[in-house]
Amino acid sequence: MNDKKELPVALAAGLGIGVIAAVLVLLGNPANMGFCIACFVRDIAGSVGLHRAAPVQYIRPEIIGLVLGSLMLALVRKEWSPKGGSAPMTRFVLGFFVMIGCLMFLGCPFRMILRLAGGDGNALFGLAGFVAGILCGVFFLNKGYTLRRTYRLPTAEGTVLPAIMVALLVLLALAPSFIYFSQEGPGSKHAPLLISLAAGLIVGAIAQRTRLCMVGGIRDFVLFRETRLLLAFVAIFAAALVCNAAFGNFHPGFAGQPIAHTDGLWNALGMMLAGFGCVLLGGCPLRQLVLSGEGNADSAVTVVGLLVGAAFAHNFGLASSADGPTAAGKAAVILGLVVVTVIACLNTFKKEN
Amino acid sequence: MIGIATFFSHFGAIRFRQDCQSRGVPAKAMPVPRDLSSSCGTCVRFEGEPPARPPEEVEQIVEVTDSGYRVLYRAEG
């Protein structure tokens, strides 16, 4: 793909993904949640018993598809490469707190766009915070932040997370009694398995091809005035908006939005934590899944951090609900902002240690 | 020659660009071209000779040719 073709491909990819996300809602996914990496990883955590919040337990085939779709296209394009060793535990902690921030807001950057496309004005506060967080991260990037280099790893290292995804797919298909499936609430709402899986595979492949990343879009615009990735997300928004309007799923306003709350400050601070952490990780939660599919063990560790963060969020009452954020959740977000700032400082100003 | 260098960190790219410019080599930081890599970091496109001993932040250096990229340097490991 040469430079001139990259923009139209990214725009087409964004439009396609926006349509897929809206159709998934039409087929059963929760409103404004055709895709949400944070929510879906949280649902998987619940399904395997890492938390016991009964309304949010389901093995989401979209997550499995994203990783495997990326894996398959990377193999076809000879871009699959097992690598890692770049501060894995730091990435785990960053992934953990990115999830805490997302569950304060009730959505990942991807769902933030889909919430906007559904008319949820609360996501504007999330977007403002997200941009602020990215600017914080870019500040440290320009000052010298690095988690140091990656190294080539044995093939097995790059296959672990995809293998776990296959195992999850088997568990989903067999539905043994020890796996939890929500009987009501968001976890009980889902499109048919094969359609969700296919959607994940397609979006995973598209995201691998285009390097789609919400954080990367804003980061590249700030650093280079490069708009390609950002415009891809504008295309997702536009396509989802048109489809939502056509399907009767566009309801502009702030109060009563699906799986959302109206506390603007904490919507903003949650996504600020997510944006800051994601810049330090080098990509949004969607990008971490796609990189995991390409064989990146560091991103796989980050995904595990997201999973554990989701479990903590629901075991200790940190996640928000439609009623708003919790006191414990607010404390966790503040702690997260402190921890992420410390990580940024330690890896910027003391590189020789 | 026109070359592109990719890096393990954004700051490595910024330092490389400054080094190129101090040697009188025009250089510009930008996102890594998709047809060069599936990673999404920062690269430096420069017009001139690459450094004889690339710094450790450099992942690879390629020459841009009419038929594509020709690898000049790739970090070990």
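The questions below set computed values against the definitions behind them.

Q: What kind of model is this, and how are its residues, chains and ligands labelled?
A: This is a predicted model, in which local features need pLDDT of at least 70 and side-chain atom pairs count only at pLDDT 80 or more, while totals for chains, interfaces and linings use all residues. Residues are numbered from 1 along each chain as its sequence is written, and chains are lettered from A and ligands numbered from 1 in the order in which they are written.

Q: What makes up the secondary structure of chain A?
A: Chain A has 14 helices and 2 strands, where helices (H or I, at least four residues) and strands (E, at least two) are DSSP runs, numbered from the N terminus.

Q: Why is chain A called as compact as a globular protein of its length?
A: The radius of gyration is taken over C-alpha atoms, and the globule rule is 2.2 Å times the number of residues to the power 0.38. For 353 residues that rule gives 20 Å, and chain A has 18 Å, which is close, so the description holds. Along its principal axes, the C-alpha trace of chain A spans about 50 × 45 × 45 Å.

Q: Why does A:Arg91 count as buried?
A: A residue is buried if 20 or more other C-beta atoms, placed from the backbone, lie within 10 Å of its own, exposed if 12 or fewer, and partly exposed in between. A:Arg91 has 27 C-beta neighbours inside 10 Å and therefore counts as buried. This residue is found in helix 4 (residues 88–105) of chain A, and in chain A as a whole 59% of the 353 residues count as buried.

Q: Which residues does A:Arg91 touch, not counting those up to four places away in sequence?
A: Two residues are in contact if their C-beta atoms, placed from the backbone, lie within 7 Å, and A:Arg91 touches A:Leu147, A:Leu281, A:Asp298, A:Val301, A:Thr302 and A:Gly305.

Q: How do you know that the length of helix 10 of chain A agrees with its number of residues?
A: The expected span of a helix is 1.5 Å times one less than its number of residues. The 20 residues of helix 10 (residues 228–247) of chain A should therefore span 28 Å, and the end C-alpha atoms are 28 Å apart, which agrees. Helix 10 of chain A is followed by A:Gly248, whose phi is positive, near 75°.

Q: What makes strand 1 and strand 4 of chain B a pair?
A: Two strands pair if DSSP finds at least two bridges between them. Strand 1 (residues 2–7) and strand 4 (residues 58–65) of chain B are joined in the antiparallel sense over 5 bridges, and B:Ala5 stands opposite B:Ile61 in strand 4. Strand 4 of chain B also runs antiparallel to strand 5 (residues 68–74), with 6 bridges, and a hairpin joins these two strands through 2 residues.

Q: How do you know that the radius of gyration of chain B agrees with that of a compact globule?
A: A compact globule of 77 residues would have a radius near 11 Å, and chain B has 11 Å, so the two agree. Read along the sequence, chain B follows the pattern β-α-β-β-β-β, and buried residues make up 40% of its 77 residues.
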